[in-house]
Structures are given as structure tokens and as C-alpha cells.
Amino acid sequence: MISREFRILFWVLCIHITGIYLFTKGFLLTRLALPDKSADTCTSLTTHKRAVLLVIDALRFDFIAEHPPEPPSPFHHNILTLPRELTAAHPDRSFIFNAYSDPPTTTLQRLKGITTGSLPTFVDAGENFGGSSILEDSIIHQLNAAGKKIALAGDDTWLTLFPDAFQPNMSFAFDSFNVEDLHTVDQGVIDNLLPLIRHHQNSWHFAIGHGLGVDHAGHRVGPDHPVLRDKLGQMNTLLHDVVAAMDDDTLFIMLGDHGMDKMGNHGGDSVQETMSALWIYSKVPLSHPEYTIPEAILPVITFPGTPVPHRHVQQIDLVPTISLLLGLPIPFNNLGTVIPELFNWDSDASSLQKAMELNAAQIRRYLDAYRSSSSGKELDAVWHDFSLAWDGINAMEGNHRLTALDNFTRLALSACRVLWAQFNIFLMGAGLAVIGLSIVAGWALYSTLRDIADVEWEKWVDNKVWWSFSASAVGSALGYLMHLVLHEHLDGIAMHQTILFAAAISSSLVVIATTRPTITLKSIKSLPIFLILHTLCFASNSFTVWEDRIVLFFLISSIVPSVITGFSAPTSRLRYRILSFSALFAICARLMAMSTVCREEQHPYCTVTFYASESSSAPPLTALVLAFPVAIAVPRVVRRILEISKSDSGLAATFIPLLFAPSLIAGTLFWMLEWVDSAQVLGDMGDVLRVTRTVLARTTAAVMLIGGLSVWWTSPICLAISKSQASEASTQEKTEVTVLGFANAFGSPYLMFWLVFFSIVWLMTQLSGQIVLGLSSIALLSYLEIIDSVQDVHSLNNAFTSPNASPQLADTNPNHDLSFSDIVPLALLAMHTYHSTGHQSTFSSIQWKSAFILGKTLSFPFSHLSIAINTFGSLFLGALAVPLIVLWNLPPIPLSPSRPRPNALRAALAISLYFAVLAFGAAACGAVLRRHLMVWKIFAPRYLGAGFGLWVVDVGILFGVGVGVGRVGGEIGRVF
């Protein structure tokens, strides 16, 4: 039977999901893709019969630059040199560009851009693992419409986007998500693309090669590694072979779909991720020196660290350029501008002018069609500027006309970049209202439950569950009727969104009304200052950027009241316990802070220590040295803490040494083998290490989730019960029963439950993160001892000041009044662990390696769950640990077995409130600052992190209170 705590926490989760969903739909909108297709063909600008498009995934501009950053890297500079050599020898037929790749810089989104000429939106980044086919007009569609045959060799993402576009006998696709495989896809391109060019040139018109070795090397070992040098050398050889094999009728385009950051990752909008390489080569001249193109339409940009600027284009400029050179219509939704150098054929620039006029006319048709669509109102604010720029073209001649044409197309591009950051204010407001009311409702449940009598709390919770779900049903019906009546005024809002909003609002209001919390001056004064300050940080981009340092300060500061209490403790034992465990807690927190991953904005005031260097994804030497000692030490520390209350018997005596300790060693061994494989310490061992790691990871996960939970569920208690005969003076023998672990009868079995999930998070965390997790677990146990000792101090002080001191001292009831301030350090510890395990609120900090822990290829749902656990596992563990604050050192007598449950529910509601307030603050600040320059770089990612974090915390307390506490309470009740 589902427990009542589970039902009320499930309602909280549903309300939070609704609020986050509504706000997200209003905050992160996707663009409207028009279904129109271009049909205007111009053959007078055709220069080639066929083209070869070679995509070298993650090829950053400086990898091919003639003047790389200083000092140059021996691992990725001056290696892929053919483009610059041919450009220097034949500047009229070889062109190198620094191409801007619009973020999100993920492969699927960039392939959309270089085939359609359109822009991605922020939310499109999530589609990289499950994109759908492209239905809008593209150069691939235009090739098919013209009867051209297309060949493919390489990344199978192309088949996802264009499932029916390629010739079956000339389609050689390979799995794109096996990051550990550096060679299969590249070798497939070499083996299949070169024969097509050499021996079958008349059987295709457009050949695509897409190699992944450079990208995978970046993800696996980073850009500063010999592996990347070897891959770039292999690509340079491939370029030599392609150039030698192609004829005069073939146009060759080589590009990187995006760049890579210093760690070898991508997905964000940093300079190194968006500056990609582009090289266009033809064996016949494409540009003649008789005419000098105006500098106004030839922008340049300087790559960081390079001594000279270089020609700069938009990556989507490829679309109109290739289309016209091959005699195809420009795709309808294109916003790119033709690259002038490739149309400079005559002395009067007539060809260039014609190309730019065709380009401008196509963009004008697109803007007109967009304004006539359902989203056309979005253009109203900029339509006057468009009209002025368009009218200005006709008034110009010569070079000024070329400049006017370029200004119009670039204005359209810049305006649409802003346009597709439009927001649905209604949905954003609805989401904020739902999250805000959920906070009030959660606080009402938390504060009122404290005053409910022990015998009535179950009935009280049942009543709230009934009212909440009943109100949701009524609200859904009202939302349906409201949408039918007001749908004409609810622009951009779907019926299901109206129903969800009405259901959530009605339910929250009813819970607040039926709970009727009392607001007093004391309750206002008790508001946690750290939560308020933490939330206010999101109003500043600087504070958001440095949140990891701020959380550390808050965390250390949060235990200061306990330290003060320790100094005034009435006994030396309590004073020693509080101060020593507080010192241990602070030391662990400070040591955790030594593990850092830096945001781009934190440089140069931050140094990466989570990895070996800023440009490597390998673990540092300290992690390699300390990983196994920490894995061995953590179970010993857990056992030592349990020995304090004699709770290391029963399940703990077998679970810790036989299941928990080996699982940590296995998790560390997995990442050690991964490092050995990546660094090729033992040479190339083929798939031996990969298979070994996969078996190890799957076995560990299965043993802990199935075996560990089964053992725990069967007999969770950590007690040792013995009987002995004692003789008294009256010669009458009496049976004595000794129960070891009695003082922590509730806390120790729940800790075993928590350790099962700790071992899973450990497995999904890299070596540096495992050391942090070990320190975090010690900090958690220290904090539990601090809380227990502080409670003893308060109990003794109350007893000494009470007129009935003896009954007070005799009262062994440890069921204390839970305070919200007791929860704050645990929430901050979870956030601190999140940052110290190598995570930030940025796409580039996602540790993609974790997707391949349970297998060498991407597989749903295991790869997705692995990434989620790696990223948010620390928050899940923090939420799962919340009941320990109530259960730790809690004996079962004189309490009834159900007594800890209401306090555990209150603790769960408290940590959910903490993260709900953070999510509300991040959402509200994102909404207010939605026109801020850094909204997509800082505020939007932080909001997404807060939203996902809230969901993870809700799931954690659902498992903890709904499953763990219920099972422990039931088994303790059975025993006693």
C-alpha cells in the first residue's frame, strides 16, 4: 500500500513539475519553421556540377589557421596544414574562413543550420540525443527536387535528419555516439568517400563525409593530447587524397560543425566553441583580382591569442553560397549571406551583385511569409527597419549597392536572432504563480504539521491528500471550460496548459485554505537568512557566476550557531563532540572546495583542478593517487561512526564489508580502467578494457540495486540482541536482554538504505568526484552527530532551567522540534557537492563520458540516466539523506513506531521548500532579466539547473520518506 507520506509528497512533485513546465514553455520557445519551398532557380551563377562536403566534427578554426595562437600547441596546431598551404599558393581558388557556429554548438543543431540556413533556439540543445527529421526547406531537399544524387559516409545523424535523401547504394552511416571509438567512423569515411570521388564521379552530385575522430578525441582526452595530433594528421592525409582525386567540376568544402572548448567539450556559446574552421577549394579559379570587394562586406575577427585577424563569416552563409554555385534555389528559410569572394568573377562585380540580389530577395520573401504566419506579430517591432533597409537598396549603385544588400541580409539575421528569444509572458506568469503558490502551500503543510497531535497526524495528512487531489480534478474541469470560453484571448496557450494551470492553482489554494497556517512574528524572524541570500544571488550575473564560492561561504557559516552552542555545552563530552565534529565538517567542506571546474566567466581567477588541466578531461594525479584510499576509507569511517552508538551490528555487519565496500572499489576501478584505456598506458588493447569496464559497471549497479535493496528490505535493522541469566540476592534468576544499537535503531538501517544509492552515484562519478563524494559523506555523518549533540545540549539546558528538573532529565524522548535551520546546512552541502564534483550551470560542464558507463554506445534510457545521475546525483543524495536528521540516534522506546514519520515528512517538505524557493528565484530573475545580455549564457542555464534540481530533490524525498522511512518504521515496530 502506498503510504500517506508518499501521496502528499507526490502531490508536491506534480505541482512543481507543472510550474516548471509552464514557465519553461514561456521562457524557452522554439522558432516557427515555415513549410514553404523555394523554386527560383538561377543557372547563370553555376560554377560546378558536383560538390564534396567534408565535415570534421569539432574542427576549431585555429586548428587550420596560418597564424595559430601563441604559443602554438604541438598537439593541435600546425598539423592540419593543407588548407593554408593551398590558400597561400592559390588565393583565387582556396579560401579559409573563421565561421561562426550559432549556439547551441551541438552537432544536430549545427547540421540543421548548414543545410537550412536557419538559426537554432536555446531549447533545441536537448534534441541532440533525439532529433527528428528536417521538414523545412534545405539544400538537401533542393538537391533531391532537382534530381541530384546524394552520397553519405560517416555520422549517422544525417540519416536522422534526412532519412530518405541518400542513395541506398551510396549511404555508409556509422554510429555517432560511441565517444570511445576514435577510428571507426573516420575510417569509414576514408574507405567509402575516396572511392566515390576517384572511381564513381558520374554516379553522384553531392557527396557528404562526416568524421568524428577529432570530436571524440576532444571529449575523451582533451585537445592537448597526442591522440588529437594523430587524428588531425589523419585528416590532413585525407584532405590530400580528396584534393588529388577531385576533378575541375567538383567543389570541395571542408568545415567543422562547431569548435571545442579547452576541455574538448562543446554545446555552449564560448568563443572557442563557436569559432569553427571553414575551407572552400576549387581546381578552377573562383575569384579574380580585377575587382576589389568593398571591405565593408568582408568582416574580420581575431581568434583569442592569434596575432592577426582573419576573414570571418557566419556558418549558415554556406547555404546560399553552395546553392547558387551548384545552380540550386536558396532554401526558403535561409538567413545566411552569400560569401562574396566566391562570386568575384568579373571586373564590374556583376556576378557578385546578382548573387547578393538573389540572396536578398530570398530573405525578403521569407520575412514576408513569416509576417503573414501565425507568429507574424513578432516582426512588428522591426518591420520598419526592414522596410527602410530594403528601400535603401534601390537607391544605391555600385559598391554602395553591395553594401546596402549586405546590410539588409545581416539586419534580417541579427533581428531574427533577437526575435527567436521572444517570450510568452502569460505562460511565464502562470509558471511563476504555480511555483510561488506551491511554496506557500508547502510552507503551510510544514508549519502546521508541527502542531498536529501524534494520534491525529495520519488523519490530517489523509485529509490534505484528499482535498489536494479533489481540488486538482475540479480545477482541471474549470480550466477546460475556461479555455473554451477564453481561447481567443489566450494567444499561444494550449488547452492542456490551461488545464494544468487551473488544476495546480486550485489544488494549492485549497491546501492553503484548509491548512490555515498562522503567521507570527516568530515565524517571520525564523526565515533562513542563507536561503534568502542564496535566492537573491540570481538577480546578479556576477553572483550567479560565482555561486560555487558563495555556497561554500554559506555552508561554513551555517554551522556557526552549532559551534556557539558547543562552547556553552553543560558537559565536556558534549562540548568536545560538537566542536570536533564541527571542525571535521568544516575541514571536509574546505577540502571539497579544492576540486573546481571553472566557468568561462571565472577566468583568470579560477584554476581547474577537477581535471588534469584546463585542456584535458583526464583525472589529475592527486585523484589517481587518492581514489583507492578514499574508496577504502569511506566504509571504514561509516563503520566507525556507527560504532559510537553500537549500531554496527545486524545488517551493517554484513552489508558494509560485503556489499558497500566492494561496490566503491569497483566504481573506482571502473574509472581507473577508463583512464588506462584513454591514456593508452598499456598500449592499444582493443575492446578488452572496454568490455571489462562494461561488465564491471553493470555488475556493480545490478548487485547494489537488486541485491543490496533486497537484502535491506528483507532485514534492515542494525541490532544485536543477546540474552543472559543474572542472579540476584534472593537467589532468583532473572533474564537480561541486551540490545546493541538500540540508541540508533531508526538511523542506522536508514543509513544502509542511503548507502545503496550512494554507491550508484559513486559509480557514475569520475575519480575526482569520488573523492569529493567521500568527503561529502563524512561531512554528512559529522553533521548528524552535531545535530544530535546540539539537541542533547538543548534538552539538558531545558531540564536544568525547569522547576521539575528530575522528570525532565528522566524523559528519554528525543523527538525534538525540527527547525528549518537544521535542514539548511544539508541543502547547502548538496549544492556544494554538486559544484565540487565538476559541475556548473553551463552546458560545457556536462560530463558526457558518463553516458557510456553501462555500454560503449548510446542507449536509451541507460545513457540518459547515467548523465542525470552524474550531474544531479549529489542533490538526490542530499534529499535522500534528509530523514536522517530526524532518525539519527533515535531509539524506539517510548515512541510508537509511527512517531518519526511526521517529523521525517516535515524534514522532506523543508528541503523541498529550499529548492523550490531557489527555482522560483532563478525563474523570476530570468523573467525580469530576459532582455539582459547574458540571459542565455548565465540566467537561462541557471534556471534550468534549478528546475531540474527541484525535480531531483522531490524524487529523492519521495524515495526516502515514502519508501525508506516507512520500511524502517515498520520493521522496528515489528521487532519491538
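**Close-up views of a predicted model**

**View 1. Cys 42 is a buried cysteine.** Its relative accessibility is 11%, so Cys 42 counts as buried; the limit for that class is under 20%. The model shown here and in the views below is predicted.

**View 2. Cys 598 and Cys 606 form a disulfide.** The S to S distance is 2.0 Å. Sulfur atoms of a cysteine pair must lie within 2.5 Å to count. By this rule there is one disulfide in the count. A disulfide is a covalent bond between the sulfur atoms of two cysteines. Which hand does the disulfide of Cys 598 and Cys 606 have? The torsion about the S-S bond is about -80°, so the disulfide is left-handed. Both partners are covered by the burial rule: Cys 598 is buried at 14% relative accessibility, and Cys 606 is buried with a relative accessible area of 4%.

**View 3. Cys 925 has no cysteine sulfur close enough for a bond.** The closest cysteine sulfur belongs to Cys 537. It is 9.6 Å from the sulfur of Cys 925, which is too far for a bond. The cut-off for a disulfide is 2.5 Å. Is Cys 925 buried or exposed? Its relative accessible area is 14%, so Cys 925 is buried.

**View 4. Nine strands make up an open sheet.** The strand order is β4-β3-β5-β1-β6-β7-β2-β9-β8. The pairing is mixed. β4 and β8 (300-301) are the edge strands, and each pairs on one side only. Strands of a sheet pair through backbone hydrogen bonds, either parallel or antiparallel.

**View 5. Strand β3 pairs with β5 and with β4.** β3 spans residues 150-155 and is mostly covered. Six of its six residues are buried. Five bridges link β3 to β5 (residues 206-211), and the two run parallel. Gly 154 has His 210 of β5 as its bridge partner. Four bridges link β3 to β4 (residues 171-174), again in parallel. Here the bridge partner of Ala 153 is Phe 172 in β4.

**View 6. Strands β1 and β6 run parallel.** β1 covers residues 50-56 and β6 covers residues 250-255. Six bridges join them. Ala 51 stands opposite Leu 251 in β6. In the sheet order, β1 sits between β5 and β6.

**View 7. Leu 228 is a buried residue of helix α8.** The helix spans residues 226-245. How accessible is Leu 228? Its relative accessibility is 0%, so Leu 228 counts as buried. Neighbours within four places in sequence are set aside for the contact list. What remains is Phe 63, Phe 75, His 76, Val 214, Ala 217, Gly 222 and Pro 223, in contact with Leu 228. Cys 14 is 214 residues from Leu 228 in sequence. In space the two are 46 Å apart, C-alpha to C-alpha.

**View 8. A nonpolar patch lies on the surface.** Its members are Val 474, Leu 478, Tyr 480, Leu 481, Met 482, Leu 484, Val 485 and Leu 486. Together they have about 720 Å² of accessible area. One of them, Met 482, lies in helix α15, residues 457-486. Met 482 has 33% relative accessibility, so it counts as partly exposed.

Methods: Residues numbered from 1 in each chain as written. Predicted model: local features only at pLDDT ≥ 70, side-chain atom pairs only at ≥ 80, totals over all residues. Heavy atoms only, no water. Buried < 20%, exposed > 50% of the residue type's maximum accessible area, 1.4 Å probe, protein only. Pairing = 2+ DSSP bridges. Patch = residues over 30% accessible without salt bridge, like charges linked within 9 Å, V, L, I, M, F, W, Y side chains within 5 Å. Areas by Shrake-Rupley, 256 points an atom, 1.4 Å probe, with all protein chains shown as cover. Salt bridge = Lys/Arg side-chain N within 4 Å of Asp/Glu carboxyl O. Contact = heavy atoms within 4.5 Å.
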